[in-house]
Amino acid sequence: MSRRPVDPTTTPAWSRLRALADTFSPDLRGWFAADPSRVERLTFDIADLRVDLSKNLITDDVTEQLLGLAGAVGVAERRDAMLRGEHINVTEDRAVLHTALRRPAGDELQLEGSNVVDDVHEVLARVYAFADDVRTGTWTGATGERIRTVVNIGIGGSDLGPVMAYEALAPFHHPEIECRFLSNIDPTDAAQTLAGLDPASTLFIVSSKTFGTLETLTNARLCRSWLLEALSDADADDAVRRHFVAVSTALDKVADFGIDPANAFGFWDWVGGRYSIDSAIGTSLAVAIGPERFAEFLDGMHAVDTHFVHTPPERNVPLLMGLLNVWYADLLGAQTHAVLPYAQLLHRFPAYLQQLTMESNGKQVRWDGAAVTTETGEIFWGEPGTNGQHAFYQLIHQGTRLIPADFIAMANPSFALTDKVDGREVDVHELFLANFLAQTRALAFGKTADEVRAEGVADHQVAARTFPGNRPSTSIMAPELTPSVLGQLVALYEHITFVQGVVWGIDSFDQWGVELGKKLAQELVPALGGDEDAIAAQDASTRSLLAYYREHRR
Ligand code: F6P
């Protein structure tokens with residue numbers, strides 16, 4: 001699909017949004033008081049997720065213009081083009097079909113003469129059979145031991161999704177199998193990941209879409225040496241076969257590494273790395289939680305896809321949330337977006353979203369190569385509540401910056417505990433949720449100087465203890481953190497990211513911005529080793545840092 005993007009700033013909707021923003025005077029207290037139906041109108045259900053947008057800085061006028069903007073730039077058309085398999089990843093000339101990874105068996109989507117849904121389920125069946133073999137102990141290592149630790153070796157999308165989901169779904173883990181995740185090329189990561197492991201019962205999954213990533217291949221070689229040294233009595237080929245499997249789109253390179261093609265799980269170039277948790281890249285997760293739960297994870301994603309495709313714009317949650325982000329980032333000047341899970345097990349979710357959103361939308365040119373006309377790609381960040389409350393919330397409540405925040409909480413805890421206070425049983429999850437509710441309320445409605453004074457606060461402290469309010473937040477709740485709910489959350493943010501990318505006219509599926517640093521790093525390896533020509537080729541600052549390194553390296 002090579003149609004030029006519509007410049008959003010040239011649309012009538014944008015002009016009206018600009019005018020609204022220029023005189024915008026948010027008043028959540030007033031809006032709530034004047035409109036008893038606000039919460040109902042701005043609360044939505046998407047699969048198991050309850051999404052409350054009412055505490056955002058929007059009026060009906062703003063929402064109407066945002067929806068007009070979506071229509072003018074053709075969000076729905078591009079969504080449909082994506083789902084049909086058109087090459088909307090323009091700079092890499094690829095289809096974008098992560099949604100096909102969660103379509104039910106029996107569906108049909110033809111791409112270049114093949115039904116990709118059949119292809120997906122063929123690989124899934126192999127992943128599930130492998131996961132079952134490891135879980136039941138049928139799969140044994142070279143010395144006949146069952147597998148007790150699975151180490152996923154991968155980076156970026158080949159790490160962040162699996163580790164985030166593994167952590168999030170802790171209550172569903174196989175009781176006798178631990179997964180570890182090795183990503184960084186800092187040798188400390190390999191040393192710490194392998195520490196204490198028994199090679200005879202350890203299985204490595206080398207996960208790399210390209211099978212050409214320096215970090216992953218280096219770590220894979222380190223792990224192979226570690227294994228072969230420990231299992232020196234075993235036949236080396238057999239040891240690698242029993243202890244290494246791979247996930248990649250480049251199955252020829254997998255074979256070159258010495259991994260048996262029978263132990264390799266493929267996927268396709270139409271799955272972006274940061275959109276690949278639901279492909280075979282999720283094999284470690286499938287081992288940890290089992291095929292049935294993994295299938296529930298996929299079903300959760302599919303439920304959100306269905307909502308995104310079939311729900312009218314005014315109730316379409318990913319569309320509305322993506323447009324809200326545009327409103328904040330482009331019209332109201334927000335630079336960052338906080339994601340604050342009130343669910344400890346989602347502690348890696350903000351890091352996962354950083355790659356999803358920032359690698360997708362951190363672009364300065366559009367898909368036709370022209371410069372973008374607006375700010376793009378907010379900075380996503382966050383920490384689980386309540387830890388964040390005691391660290392950076394001060395700035396969100398009383399700082400000078402606008403920081404839209406998504407709060408995510410579960411009605412039921414992953415682990416329930418009660419405390420005894422003055423002889424009374426207290427549900428600790430309720431203490432936790434009280435904080436979730438309190439924060440969004442404080443952000444939205446603040447505390448006026450009069451209210452502070454009425455509490456008897458000394459005059460000199462009144463200003464410092466006043467809360468301005470009108471700090472926007474979205475509240476997302478679900479019954480509990482199940483595989484399906486996690487899948488729903490992931491798909492929700494995928495589609496929010498997509499919507500923003502279309503409005504900005506950018507290719508959300510390439511990542512050229514990571515290439516230059518990779519190339520320069522390769523060139524710097526000889527310089528670190530002392531190659532005088534390589535050192536001389538560097539800039540003055542880099543030469544100075546190299547000199548410091550050589551002086552201090554023992
Ligand atoms: O460097 C960025 C990137 O290409 C990501 O997009 C990707 O998720 C990661 O590297 C890992 O790539 P691969 O799975 O090919 O090893």
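Into which domains is the chain divided? In this predicted model, local features need pLDDT of at least 70 and side-chain atom pairs count only at pLDDT 80 or more, while totals for chains, interfaces and linings use all residues. Residues are numbered from 1 along each chain as its sequence is written, and side-chain values use heavy atoms, with hydrogens and water left out. The division gives domain 1 (12–73 + 311–504), domain 2 (99–294) and domain 3 (512–552), with bounds from an automatic or database domain assignment. Between the C-alpha centres of domain 2 and domain 3 the distance is 33 Å.

We turn next to the nonpolar cores, each a set of buried Ala, Val, Leu, Ile, Met, Phe, Trp, Tyr and Cys residues joined through side-chain atoms within 4.5 Å; buried means under 20% relative accessible area, with a 1.4 Å probe and protein chains only. The largest core holds 124 residues, and Trp-270, Trp-327, Leu-346, Phe-349, Leu-492 and Tyr-493 touch the most other members. Helix α19 (residues 483–504) contributes the most to this core, with 13 residues; helices are DSSP runs of H or I, at least four residues long, numbered from the N terminus. Because domain 1 and domain 2 both supply residues, this core lies between them. Another core, of 24 residues, lies apart from it and includes Val-151 and Leu-194.

Asn-325 sits in helix α13 (residues 317–331) and is buried, at a relative accessible area of 6%. Leaving aside neighbours within four places in sequence, Asn-325 is in contact (heavy atoms within 4.5 Å) with His-337, Glu-378, Phe-380, Ile-496 and Gln-500.

Key
Helix = DSSP H or I, 4+ residues; strand = E, 2+ residues; numbered from the N terminus. Buried < 20%, exposed > 50% of the residue type's maximum accessible area, 1.4 Å probe, protein only.
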